[in-house]
Amino acid sequence: MRLAHHRVAPERRVPDLAEDARAGLLAPPRSMPPKYFYDERGSRLFEAICDTPEYYPTRAEAALLTDVSERVIADIRPAHVVELGSGNSHKTRHLFAACERLGIHPRYWPFEVSPQIMLDSAAALIADYDWLHVEAMSGDYTAGLGNLPLPGDGGRRLILFLGGTIGNFEPAQADAFLAEIVSLMAPGDALLLGLDRVKDVATLEAAYDDAAGYTAAFNKNLINVINRELGGDMPVAGYRHRAVFDRTLSRIEMRLVAEYAHRVRLEALGADFEIAAGEEILTEISRKFSQEAITGLLGRAGLRQTAHYPYGDDQYSLVLAVRD
Ligand code: SAH
Ligand code: TRP
């Protein structure tokens, strides 16, 4: 078998949905962590978002990978490709195509909180690349990377963190997460990091509020998850999706806005809360990076940038960095 599935035990305890809901929902300011979006339906909705005309990051990153994959693979010659938050691995295929052309045959280690999409994609990948072995890892990357079952065989590692997902962390969390990534790296190993860039507000806000409504449906799917998992009665139609760019914090904020005042019962918590008309729940942040912010992020992690591949007029960036 060229496909294995590993369940990754948390390295440290992280709150579960009930605890996050208790801490985040019962009183303002209300917020929820983003990992709960990605149940099976949420993962499919995210794929639909990536295909909308407004959501440019996927196309930008795919175009960059089309151009640079061969250079990256030839330069790093990885024995292992590790991908954090791999989703459907569609863009990663550009790297495997380059591997095939170059006759370099790494093992693939995707890590996902949404196992089904990862396993479906892994099955398709091994069908398309007859040399490829996939070691699928399911778990929560916010619970640490120290338990990933990566072999200590000294083979060069290329770590992928794509899609601008680093922007979904608060600044201090992003630094801590990059430090954990660096602790997976030996000298010569590399990180390929995708970051979305600061740009005009209209483009940014449209990317997080597409006209067909997939992003709104994705955001509201969190309500379904809460209702299903916590015995809740939040009215899906009682909330609307809102995406706003905060210039000061340089981030998109995704919110669910209550359309009218109502009371919510969360059976699993044995708790109720009242939410007023217009009150908001912050469900996701997506930070947008300046050149200085990228330099600072890598510098604090002790990483040395070896290549910067910008898309268009600095619309999006792929950065290749090594640990010396
Ligand atoms: N890399 C893909 C997907 C990006 S969306 C792309 O660029 O298109 C973010 C991905 O990270 C989703 O697939 C989601 O399921 C996964 N994810 C979110 N939170 C996670 C967590 N805490 N641990 C592991 N994976 C997570
Ligand atoms: N990593 C993606 C981003 O920040 C996640 C994302 C895209 C997202 N669209 C979204 C998260 C809409 C929540 C809602 O661009």
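This is a predicted model: local features need pLDDT of at least 70, side-chain atom pairs count only at pLDDT 80 or more; totals for chains, interfaces and linings use all residues.
## A sheet, a core and a helix pair

In strand S12, Ile-281 is the bridge partner of Arg-30. Residues are numbered from 1 along each chain as its sequence is written, and side-chain values use heavy atoms, with hydrogens and water left out. Helices (H or I, at least four residues) and strands (E, at least two) are DSSP runs, numbered from the N terminus.

**The sheet**

- Four strands form an open sheet in the order S2-S12-S9-S8, with mixed pairing; two strands pair if DSSP finds at least two bridges between them.
- The edge strands are S2 and S8, each of which pairs on one side only.
- Strand S2 (residues 30–31) pairs with S12 in the parallel sense, over 2 bridges.
- S12 also runs antiparallel to strand S9 (residues 251–258), joined by 7 bridges, and here Glu-280 is the partner of Val-257.
- S8 and S9 are antiparallel too, with 8 bridges; Val-257 of S9 is the bridge partner of Arg-240.
- Strand S12 (residues 280–287) has 6 buried residues out of 8, so it is largely enclosed by the rest of the structure. Buried means under 20% relative accessible area, exposed over 50%, and partly exposed in between (1.4 Å probe, protein chains only).

**The nonpolar core**

- In soluble globular proteins, nonpolar side chains tend to be buried together.
- The largest nonpolar core here has 35 residues, and Leu-25, Met-32, Ile-226 and Tyr-239 touch the most other members. Such a core is a set of buried Ala, Val, Leu, Ile, Met, Phe, Trp, Tyr and Cys residues joined through side-chain atoms within 4.5 Å.
- Helix H8 gives this core its largest share, 6 residues.
- Beyond its neighbours within four places in sequence, Ile-226 is in contact (heavy atoms within 4.5 Å) with Leu-25, Met-32, Gly-231, Gly-232, Met-234 and Leu-266.

- The axes of H2 and helix H5 (residues 115–128) come within 8 Å and cross at roughly 60°. Axes are lines fitted to C-alpha atoms, for helices over the stretch in contact, and angles run from 0 to 180 degrees between N-to-C directions.
- Glu-40, Ser-43, Arg-44 and Glu-47 of H2 meet Gln-116, Ile-117 and Asp-120 of H5 in this contact.

Note on methods: Chains are lettered from A and ligands numbered from 1 in the order in which they are written.
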